[in-house]
Amino acid sequence: DLSAGEAAPRDETEFDKIRLQLKARAEFLDERIPAQEKKKTGLSFQRFQLDEEIKELQVEIAALRQRKTALPERFVALRRQVCEALHLPERDLPFAAELVAVKLSESAWESSIEMVLRSFALSLLVPDRYYHQVSAFIDRTRLVDRGGKGQRLVYFRIGEETLGRSARDEGEDKGVPVAMPTMLPGKLEFRPNHRLVPWVRGVIERRFSYVCCDTIEQFQRQSGEAMTAQRHVKSGRGQRHEKDDREGASDRRHFVLGWDNREKLKHLVSVFEEKRGRVGQLDAEITRLDSALKKLREEQSAAARALEVTAFHTVDYLAEEKQVAELRQEEAQLRAGTDELRELDRRLKETEKAKLAAQSDRDRCIGSIRDLERDLRTARRVLDEARDELEDIDTDEAEQHFEDVVALTDGLDLGDPLAFDAPERQLLGNIDADIDLVRNKVDPLETRLLDGMARFLRKFEAHGSDLHVGVDYAASFIELHDRIVREDLPGFEQRFKERLNDKAAKEIGILNAALKDEAREIKQNIGLLNDALRSLPYRAGTHMQLLPQDVSDPEIHRFRGQLGDCLANVMQDSSAADEARFSRIEKLITDLRDDDRYRDRVTDVRRWFDFFASEILTETGEERSRYSDSSGRSGGEKAKLAFTILVAAIAYQYQIDPRDSMSERFHFVVVDEMFSKVDDDHARYALELFGKLGLQLFIVAPLDAKARITEDYVDFYLLVTKDESTAHSEIYSMSAERFRQLSEETSPA
């Protein structure tokens, strides 16, 4: 096919020229389409990156709106994890960044100061009175963010004797320079009324007394630490130089100093709106590229189809049309120039018309001859049959019925003399009409009789072996009816239906209520377990909950539906309703009786539920993750999830109510080397979970380094040893306190 507006080739030369143009266009499209697709892929990747950045900005903006400081959310979450675990106020464990801010008048130096102080600013300040608790917790806890990614934390131990003293106080006799406006400390302000500010001020004045140089010449002349407003820093006694012009270095999004984040929040909102606008631009550009690519592919496909035509003669329809036109013109000229030919043509048409008429008359005559010959053969055959019948007739016997025959044949039209059997056919027709008249009266009665028999056998299938639908069985049906009336069977049927309504329906209702009570009890027990799990953190800021949901098992759904159907319309007092309810109850009982596997499955209420584990954000109540299995989790996460499910299952088996006092209850659990391949954090979580639900735990394990994790949870030790000389084993028991004393006495100094 040629593109719109393109003229058809008139000869071989034009055809070859068009093919060359098509080849060039196809080659161009083969290069253009991949280039456009590559461009679209690049834009789509930019769109994806912007989506990820927008999501991060949304999280960060939401976090900044919930607090006043400019700290990144991951550092706030780390401190929250420590403080919640140790029940400490967050104000007492500040980051250095929360106590320091750049003066508004020195905003030109803000990005350089952020660069110099960032490492120190993101350090956690731990007063001496909290040091042992905090350091112990940090040592035994893997620091992770909400996504489970490991985090780095730097913290300073601050002695009580250093609080309230700054470098200026300590330097009065040591020559420490007072912070001047031309130095980094002089461009800062410190958070008022916080007892750790003097210590922070002292560290900054000792370690970060950089000279702030307005020109590069001044910067070059300085022999010690110096900096410019362009993030050009000199340190290490003037030897080490660094300049940071990376994209995020001057972005306020990454600034951390200060206790008022309004400017940072305003900046982030502006960046967020800018990126959303860019997303709209990318979407429009991608849509435009999609449309252009569609047109290019259509053009490429059209060019490929056109290039499949390799020979001009296959498309040279003009030559064929020209030849046809010439032949038709020649024929017209011949016809127009010869009068004799026109006359012969007219006579030929008349002769053909007469020939067709003669052929039609001939065919009609032949058909009439065949019909007459057939009638003649039939008449001869009937005559022969009549003669044979007359020879076989007993004249004396026929004479007795002669008058009756005459009466029947009186008035019959003999018709065609050749139709010897016409009277017989007419007489038989009259007899058939009389039979039809009688049958029209009998057939409806027979139909009603057979329908009644069929309805009876469908309703009372037990009689199907003796009775069948048919007129021949009418006497048997009448006999059965008389016996039913004589023995008063309807009375027994009524009493049976009354018992069905009163007894069977009640028992089905009791069964249904008992199963529902078991289901309700399961949900209540799960609720009690969830109360206990709610008070035990699964990870920082979350806890686990167990969620029972109805299973999608078709057998259980069918059974519960049957129960409901058996109890439907129990107040409806009619024969049809009673019979329908009886059929449903009969079907339910038959299914339960005939299939032990089915009965055990559908009546075990525990199988009515699927259970899921849901990780809940404690602060908001929102679901963080849902687990139906442990696929896609790390080994440690699988172990932790398995502990949660295992302990919950044990507690459910013991019917534990976490609200009751557990001091006098015995819920014994034995585990064998349960913590041999589990890291310490997950082992502690499991031990605390056992204790939270009041389970008495007996741990079987070798007394090696891995078992040390259980020391804080053990009340009593049983040590099993084997005497090599006697091959007998002995058990030694001691309290945990006594074990610790012996361990301290025998440990090397």
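Begin by selecting R157 and Y131: the charged end of R157 sits over the ring of Y131, at 4.1 Å from the ring centre, where sitting over a ring asks that NZ of Lys or CZ of Arg be within 6 Å of the ring centre and within 35 degrees of the ring normal. Select R626 and F612 next, for there the charged end of R626 sits over the ring of F612, 5.8 Å from its centre.

Before going further, note that this is a predicted model, in which local features need pLDDT of at least 70 and side-chain atom pairs count only at pLDDT 80 or more, while totals for chains, interfaces and linings use all residues. Residues are numbered from 1 along each chain as its sequence is written, and side-chain values use heavy atoms, with hydrogens and water left out.

Now turn to the aromatic rings, of which the structure holds eight pairs; rings of Phe, Tyr and Trp (its six-membered ring) pair if their centres lie within 6.5 Å, and planes under 30 degrees apart count as stacked, over 60 as edge-to-face and the rest as tilted. Select F75 and F95, an edge-to-face pair with 5.8 Å from centre to centre and 80° between the planes. This pair links distant parts of the chain, since F75 lies in helix α2 (residues 73-86) and F95 in the loop between α2 and β1 (100-102), 20 residues apart; helices (H or I, at least four residues) and strands (E, at least two) are DSSP runs, numbered from the N terminus. F95 is buried, with a relative accessible area of 1%, and F75 also counts as buried, at 8%; buried means under 20% relative accessible area, exposed over 50% and partly exposed in between (1.4 Å probe, protein chains only).

Select F120, F156, W199 and F208 together, which ring pairs link into a cluster. F120 is also among the buried residues of helix α3, so colour residues 110-121 to see this helix. Nine of the 12 residues in α3 are buried.

Move on to H194, in the loop between β4 (188-190) and α6 (197-207). Is H194 buried or exposed? H194 is buried, with a relative accessible area of 11%. Its side chain reaches the backbone oxygen of R91 at 3.3 Å.

Finish at L703, in the loop between β14 (696-700) and β15 (716-723), where L703 is exposed at a relative accessible area of 52%.

Definitions and conventions:
The expected span of a helix is 1.5 Å times one less than its number of residues. A polar contact is a pair of N or O atoms within 3.5 Å; within protein, one must be able to donate a hydrogen and the other to accept it, and residues adjacent in sequence count only if both atoms are side-chain atoms.
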